[in-house]
Amino acid sequence: MQKLRLQYAKRGRLRFSSHRDFQRALERAVRRASIPMAYSAGFHPHPRISYANAAPTGTASEAEYIEIALAARCDPEALRTALDSALPDGLDIVDVVEVTAPGVLADRLQASVWQIELFTDTPGEEAAQANDARVRSVVERFLAAERVEVQRMTKNGLRTFDAREAVLRIEVEPSVTSRPGNGCAILSLVVRHNTPAVRPDDVLSAFRAVADFAPPSPPRVTRLAQGLLDEADGSVTDPLVPDRDGGGA
């Protein structure tokens, strides 16, 4: 049995697809591309696919990961091309590597880099500059807090947890024009994967708690990376590197 790890992206309108939607699309693509999948045992066998830490519905991502098991060996790049062609536009297979290093893929997904685009509700350079200043002030207040509790409904009921502890770094980039006539302040966040996971919408809820700030327009959220966390500098590195290195550390 050959095991492969895949990196895929959710882009454009497909960011609104749920994790279940992606599962169905992937299983159809696997059949369409004639991928020789290994299947589970029992009366209702399923393709052996392991999913790890999917992005929330409504967020785009450049760094989602799955692991699949094959019944026959395939060239990783040929499989990437075939599977990417069989998936709808916006669900894109970015990379495929053979599993060569020990360990569980989910254990390498220790943190994420998120980008949050906060749009102004009025056009013009002055509005964009005011938006930048407001966002910077909110971020300073959030970072100065030792603890910021937020609430979110989970499958186990309403949970209260600290959104501040998981956020390792926030940077505010200058406003750009991402929508016609309207400026956009861009936040870059490094967030540790805790339990429960702190999501970008939790950070925005924390902004509301510490500074009564709510985006005037729906934000656009993208996961830029997820992987191994370097505790020294807070950087997030590619989780597939150990497999590319042939099992090295």
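Two strands are said to pair if DSSP finds at least two bridges between them. Helices (H or I, at least four residues) and strands (E, at least two) are DSSP runs, numbered from the N terminus. The structure is a predicted model, in which local features need pLDDT of at least 70 and side-chain atom pairs count only at pLDDT 80 or more, while totals for chains, interfaces and linings use all residues. Residues are numbered from 1 along each chain as its sequence is written, and side-chain values use heavy atoms, with hydrogens and water left out.

By these criteria, strand 3 and strand 10 (residues 220–229) run parallel and are joined by two bridges. Within this pairing, Ser61 has Arg223 of strand 10 as its bridge partner. Strand 3 also pairs with strand 1 (residues 2–10), in the antiparallel sense and over eight bridges; here Leu4 is placed opposite Ile68 of strand 3. A further antiparallel pairing, over four bridges, links strand 3 to strand 2 (residues 49–52), with Ala52 opposite Tyr65. Of the 11 residues of strand 3 (residues 60–70), 10 are buried, so the strand is largely enclosed by the rest of the structure. Buried means under 20% relative accessible area, exposed over 50%, and partly exposed in between (1.4 Å probe, protein chains only). In a regular strand, side chains alternate between the two faces of the sheet.

Another antiparallel pairing was found between strand 6 (residues 149–154) and strand 7 (residues 157–162), with six bridges. These two strands form a hairpin, with two residues between them. Glu149 stands opposite Asp162 of strand 7.

As a whole, the protein contains five helices and 11 strands. Its radius of gyration is 20 Å, close to the 18 Å that the globule rule gives for 249 residues, so the protein is as compact as a globular protein of that length. The radius is taken over C-alpha atoms, and the rule is 2.2 Å times the number of residues to the power 0.38. Along the principal axes, the C-alpha atoms fill a box of roughly 60 × 40 × 40 Å. Buried residues account for 46% of the 249 residues. Among contacts (heavy atoms within 4.5 Å) with a separation of 6 or more, 73% involve residues 24 or more positions apart.

Arg108 is located in the loop between strand 4 (91–98) and strand 5 (111–119). This residue is buried, with a relative accessible area of 7%. When residues up to four places away in sequence are not counted, Arg108 touches several residues, including Arg5, Gly227, Leu228 and Leu240. The C-alpha atoms of Arg108 and Leu240 are separated by 8.7 Å, although the two residues are 132 residues apart along the chain.

Most residues other than glycine have a negative phi, and most peptide bonds are trans. The bond from Thr195 to Pro196, however, is cis, with omega near -5 degrees; Pro196 belongs to the loop between strand 9 (182–192) and helix 4 (200–211). Asn53, in the loop between strand 2 and strand 3, has a positive phi of about 55 degrees and is partly exposed at 34% relative accessible area. Asp212 lies between helix 4 and strand 10 and likewise has a positive phi of about 55 degrees; with 64% relative accessibility, Asp212 counts as exposed.
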